[in-house]
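Please work through each task before reading its solution.

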Amino acid sequence: MDVQVVDYRAPDAAERFTSSLHETGFGVLKNHPIPQNLVERIYATWLDFFNSDAKHDFAFSKETQDGYFSTAISETAKGAAQKDIKEYFHVYPWGRIPESLKADALAYYEQANALAAELLGWVERYTPPEIARHYREPLSQMIQGSRHTLLRVLRYPPLTGNEPEGALRAAAHGDINLLTILPAANEPGLQIQGTDQKWRDVPCDFGTLAINIGDMLEEASQGYYPSTLHRVLNPTGEGAKRSRVSLPLFLHPRNDVVLSDRYTAGSYLEERLRELGVKG
């Protein structure tokens, strides 16, 4: 089953979108409300930031997980042998943000968060009753008051040819959170693994949004909404000489939200951050 591209303005958008999420873990929206010129401006200005030495003034905090993560300390995907080939910056409204980049980043954070909350409402509406009765509270309430929803500005640098054998821009992984909102990047490379174990390209027309299920929503929905493995391939040819910038928003619940008999959101997040090697 392929990921569906759904027109956000269509009368049956919510039903078709959540059907794609159920079947593939991913859905793609076109004609959505997030301005493309804002996304493109963020890509350009943050690429300049990553190419400057100023990024080192914002070295990440292990305690708060905000700030700049260099390629030397970036994530190692669960089960992977090599670190991902990427650097990134964690943006929270309460965290450190370069002053010249702050207004656009927070405007995008607010708009993407509002859309994500609406989409979470769609997910809740189209969850079968026998699954929905296991939600400990409405999905839309789980994110109210959360300090953990994260905007990550990612840069995958040009490849040098000296990368460790087997290293990918992003090795196969599932996201930790409830939903992830991802504008199409400035370069291709995103793939998902289907139920047949085959890898497929995610539709990435510039101006579209890819949305995927995270592990916490899979846990809360008892697997009805699957957190699908995805990866970013290393480009070849001319593409290898270019940076790839992407802008995922990871929608997180409050720490005290009960996901299942096994986990609260807080305990799940702590476990996964330790597995990723970014928290002691």
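On a 1 Å grid over the protein atoms alone, a pocket is an open set of points with protein on both sides within 12 Å along at least five of seven lines, whereas a cavity is a set of points where a 1.4 Å probe fits but cannot get out; lining residues have an atom within 4 Å of a point. Grid points are joined across faces, edges and corners, and a volume is the space filled by probe spheres set on the points.

The model is predicted: local features need pLDDT of at least 70, side-chain atom pairs count only at pLDDT 80 or more, and totals for chains, interfaces and linings use all residues. Residues are numbered from 1 along each chain as its sequence is written, and side-chain values use heavy atoms, with hydrogens and water left out.

**Exercise 1. Give the volume of the largest pocket and describe its lining.**

Solution. 
Step 1. The volume of the largest pocket is about 710 Å³.
Step 2. Its lining comprises 44 residues, and E75, L150, R152, I176 and F250 are the closest to the pocket centre.
Step 3. Helices (H or I, at least four residues) and strands (E, at least two) are DSSP runs, numbered from the N terminus. Elements that each supply at least two lining residues include β4 (87-91), β5 (150-156) and α7 (265-276). The largest share, six residues, comes from α7.
Step 4. For the classes, Ala, Val, Leu, Ile, Met, Phe, Trp, Tyr, Cys and Pro count as nonpolar, Asp, Glu, Lys and Arg as charged, and the others, Gly among them, as polar. The lining then divides into 18 nonpolar, 14 polar and 12 charged residues.

**Exercise 2. Describe the second largest pocket and the largest cavity.**

Solution. 
Step 1. The second largest pocket holds about 200 Å³ of space. Among its 14 lining residues, E23, Q193, G194, T195 and T228 lie nearest the centre. The elements giving two or more residues to this lining are α1 (13-24) and β8 (190-193).
Step 2. By class, this lining has three nonpolar, seven polar and four charged residues.
Step 3. The model has one cavity of 30 Å³ or more. The largest cavity has a volume of about 90 Å³, and of its 15 lining residues A184, A185, L190, P203 and C204 lie nearest its centre. Two or more lining residues come from each of β7 and β10 (209-213).
Step 4. The cavity lining contains 12 nonpolar residues, one polar residue and two charged residues.

**Exercise 3. Which residues of the largest nonpolar core touch the most other members?**

Solution. 
Step 1. A nonpolar core is a set of buried Ala, Val, Leu, Ile, Met, Phe, Trp, Tyr and Cys residues joined through side-chain atoms within 4.5 Å. Buried means under 20% relative accessible area, exposed over 50%, and partly exposed in between (1.4 Å probe, protein chains only).
Step 2. The largest core has 60 residues, of which W46, Y108, L119 and L179 touch the most other members. Helix α3 (residues 99-125) gives the most to this core, with 11 residues.
Step 3. With contact taken as heavy atoms within 4.5 Å, L119 touches F17, L29, L179, I181 and I211, not counting residues up to four places away in sequence.
Step 4. A separate second core of 15 residues includes Y88, Y156, L182 and L190.

**Exercise 4. How many aromatic pairs does the model contain, and what do the pairs of Y8 and F58 look like?**

Solution. 
Step 1. Rings of Phe, Tyr and Trp (its six-membered ring) pair if their centres lie within 6.5 Å; planes under 30 degrees apart count as stacked, over 60 as edge-to-face and the rest as tilted. The count is 16 aromatic pairs.
Step 2. Y8 and W122 are stacked, at 5.9 Å centre to centre with 25° between the planes. Y8 lies in the loop between β1 (5-7) and α1 and W122 in helix α3, so this pair ties together parts 114 residues apart in sequence.
Step 3. The ring centres of F58 and F89 are 5.8 Å apart and their planes stand at 65°, so this pair is edge-to-face. F58 is buried at 18% relative accessible area, and F89 is buried at 0%.
Step 4. Ring pairs also link W46, F49, F50, F58, Y68 and F89 into a cluster.

**Exercise 5. Where does N31 lie, and is N31 exposed, partly exposed or buried?**

Solution. 
Step 1. N31 has a positive phi of about 55° although it is not a glycine. Most residues other than glycine have a negative phi.
Step 2. N31 lies in the loop between β2 (26-30) and α2. N31 is partly exposed, with a relative accessible area of 33%.
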